[in-house]
There are 2 protein chains.
Amino acid sequence: MTAFDRLLAFQRETEALAQIAGRLGWDQETMMPRGAAEQRGDEMGAIEGVLHARRTDPRVADWLAAAEPADDVQAAMLRQIRRGHLRATKIPADLAQEIARVTSVAQGIWAEARRTEDVAHFLPTLTRVVDLKRQEAAALAGNGGAYDALLDDYEPGATEAGVAAMFDGLRPRLVALRERILGSARSPQPLEGQFPKAAQMQLATELAAAFGYDWSRGRLDLAVHPFSSGSGNDVRITTRVVETEPFNCIYSTIHETGHACYEQGVDPTYLLTPLGQGVSMGVHESQSRIYENQLGRSRAFTGWLHGRMTEVFGPLTVRDADAFHAAVNRVQPGFIRTEADEVHYNLHVMLRFDLERALIGGALEVADLEAAWNDRFRRDFGVAVDRPSHGMLQDVHWSVGLFGYFPTYTLGNLYAGCLHRALRAAVPELDAHLSRGDTGPATAWLRARVQQHGARYEPREVIARACGFAPTEAPLLDYLEAKFAEIYGL
Amino acid sequence: MTAFDRLLAFQRETEALAQIAGRLGWDQETMMPRGAAEQRGDEMGAIEGVLHARRTDPRVADWLAAAEPADDVQAAMLRQIRRGHLRATKIPADLAQEIARVTSVAQGIWAEARRTEDVAHFLPTLTRVVDLKRQEAAALAGNGGAYDALLDDYEPGATEAGVAAMFDGLRPRLVALRERILGSARSPQPLEGQFPKAAQMQLATELAAAFGYDWSRGRLDLAVHPFSSGSGNDVRITTRVVETEPFNCIYSTIHETGHACYEQGVDPTYLLTPLGQGVSMGVHESQSRIYENQLGRSRAFTGWLHGRMTEVFGPLTVRDADAFHAAVNRVQPGFIRTEADEVHYNLHVMLRFDLERALIGGALEVADLEAAWNDRFRRDFGVAVDRPSHGMLQDVHWSVGLFGYFPTYTLGNLYAGCLHRALRAAVPELDAHLSRGDTGPATAWLRARVQQHGARYEPREVIARACGFAPTEAPLLDYLEAKFAEIYGL
């Protein structure tokens, strides 16, 4: 066996163990009994310790030094292994294991605090998590920026300064669009009524299939905060149901289906190799957001969905398909990021980005976080946060140590804007398909252009190759302005 | 840190990883999408490899040599670690990993073969499993018996010869009892009707709680072959539902609750130590069987259950509580072990014991197994097997490599008979509680006498300590003869 073969065989087991750790995370949020939280912390710590030991195994460095890639695919595999090895060797094993243990328990405490609207219950734990993540960032950063070091784990190649510049480019046109919409004379009405849970879940099942989810390699369950989990042949999605707000379940499901189809769509020969999963969170989010928004919230698709929902739930409170489309895309300064319209969504992300980089950089302490959140929210959204679960307790991310993750959501939106422009050019009759509930041509194009490559190309490269142009924010802004001009008669 | 402390800290992580591997097994039979079977084989192989590496870690031998136990509890911990280390060091890592990989895939193939009644679909895989288990047995046995080596993993201290002698002691009185019952003029009628799935699951939930299952540290799901899984604070049970046969769900649930209460009842200070779980399969089965049979199928408890089922399902087809009790305990030569009455059950086990020791010993080959099964079944039960799912495809065990496991079921029955005699002496008013659906005094006695000890004492020792006498087959036979004499008027 060559050094490359030995390295890949070793890596294959590491990838399999990482899948197991990921599935434990899925279990924790969907199936685990509440009394198991403490024990689960020990379990997560143990498997994280095993993964860390494998990623830092000295033999990996030797194999990496000796391995000679036969082609570009093998070179990409080595790039991915090298990146993981370098990151892992910089983090002390004790710290990695402590982060796994603490965040596993912290997640339960966060969920409890959120349920009881009790920020104080969460603060000591969050303080500990932030402290550990600062230590991790310091270990990783060397002479570089602490926040950059964390961001790089989710979006290789991205930097705090680059993201901040991009956000500065997006913000003015977004804020202007928001003000024109809120000043418009039109005021789309929401969809009202009771939508029974079982029927919503049945529709969610149907929608996932319509967007290409392979049910033989996945399943759908309920979770407080919907997510997708796993790679290859075991990719599970979750959703949530509110009986008075069916779009919550519907668009959470389509969103997670986008993530899952990325994972299910990777070239099967990459299974359990370093290329066998999505390359970054930003590219991941580009898939979930284009499924959810550019496809799922298009006039063509909502026309079909209006008909299907009428069949499933009986007559709706909205007048016709146009009013239904406006209800789906209603712009409102709400509290919850995951329920936000396409205009406000990125403002939610910018708020979190600024707070979390201040937390990691040390300019903000956890004790002052709630005040900082509420203050910034009032300035950006013009509304006061009325309860912690509508404010800083709404997202799971910080409890599980995901600092540097939030900006990838907006990066994903930007990539989705680019992909959508290229997709429309490649499939000019797209709306005719979507108006029949048929996403096939769109999802086939995304699979061929993005999903199948897994981690074969770097994030910006895979988007640029798919689109034929380098990613910029203009396509997203053009799309949003055109779409909402029509709905709001701007 | 002393050698003992180092060893225990290392072992704690091993136990946590073993919990993870066990939960993957649970997931595989309850949640996993079908298309994930092959990938899951890789995952199971990877974590089994990690566990094997830890169990054979040379440092364990060093620590074991240097560790000095401060008391009997620490001595018992060392005994358990030493046993696991010795077994593991005898099995080559490649073989352990191959067994994990093959049996993970084999389980799916078995389920498919069982569903389609296609023995040929399963035989190549079973041949491979048997071959691997023969290799394992040879590696473990040294100069001893191959089957002994496998049996010892499930029931430390038991031997093929000892089990065969015990079965020889049981068999004549069992066969005589069976013949008297089948020759009796009385013929209890079965319970008939449709029992909706949702109501059965609701009743199962209630029954598990009634038998002391802690719902905050567990959950109930459906599985083809019901089982209990996990230790400490995450102990999950499964059941199955047939709408025309409610006793299937009810007694599967009570049975698995017995297993789960053993695990949940272990002294919490033993959590993630070598004493933190049941000591053997036989002692485990003593708990599940005493819950299911001596308690759950008693006249006193079925009197309460008759009333509760009438409330849940409406009027039943049986005349009164006596007829209900007779229906619950109806003796019939059926095909399925897990549905067998208390008289036939041990005959099912003896059949499997004789076939599997012939397979492992080399006196029987997999190609001849179906004929051997069907022939023996006709001789023991007087009925011809009508389809493979009623014959050699009915049980999951062999597909997942569990050879040497079946006899522990009958050992468990024997222990349950002993515990029941001692329990009746300790709690003379037991029937008054059971007739109100209150199992509390019985389960509290079992928890104090057996469950809390986990793996603190060796199997026969914990039973002898609980009962005040050495385990024998007489109490079980006396109990069965008295019970069925009353029901069948013998």
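Predicted model: local features only at pLDDT ≥ 70, side-chain atom pairs only at ≥ 80, totals over all residues.
Q: How many residues of chain A and of chain B are in contact?
A: An interface is read by listing the residues on each side. Here 31 residues of chain A are in contact with 31 residues of chain B. On the side of chain A that touches chain B, α1 (3–30) and α2 (37–55) each supply at least two residues. By class, that side of chain A has 13 nonpolar, 8 polar and 10 charged residues.

Q: Which residues of α20(A) are buried, and where do they lie around the axis?
A: One begins with the helix itself. Helix α20 of chain A, residues 474–488, has 15 residues and reaches 21 Å from its first C-alpha to its last, close to the 21 Å expected at 1.5 Å a residue. Its buried residues are A:P475, A:L476, A:Y479, A:L480, A:K483, A:F484 and A:Y488. They cover an arc of only 165° around the axis, so they lie on the same side of α20(A).

Q: What covers the buried residues of α20(A), and which residue follows the helix?
A: The cover includes α8 (160–182), α14 (342–361) and α16 (407–426) of chain A. After α20(A) comes A:G489, with a positive phi near 60°.

Q: Why is B:L123 classed as partly exposed?
A: The class rests on a count of neighbouring C-beta atoms, and partly exposed lies between 12 or fewer (exposed) and 20 or more (buried). B:L123 has 17 other C-beta atoms within 10 Å and is therefore partly exposed.

Q: Where is B:L123 placed, and with which residues is B:L123 in contact beyond its neighbours within four places in sequence?
A: B:L123 is in helix α6 (residues 119–141) of chain B. Those neighbours aside, B:L123 is in contact with B:V366 and B:A367.

How values were computed: Residues numbered from 1 in each chain as written. Chains lettered and ligands numbered in written order. Contact = placed C-beta atoms within 7 Å. Helix = DSSP H or I, 4+ residues; strand = E, 2+ residues; numbered from the N terminus. Nonpolar A, V, L, I, M, F, W, Y, C, P; charged D, E, K, R; others polar. Expected span 1.5 Å × (residues − 1). Arc of directions from axis to C-beta.
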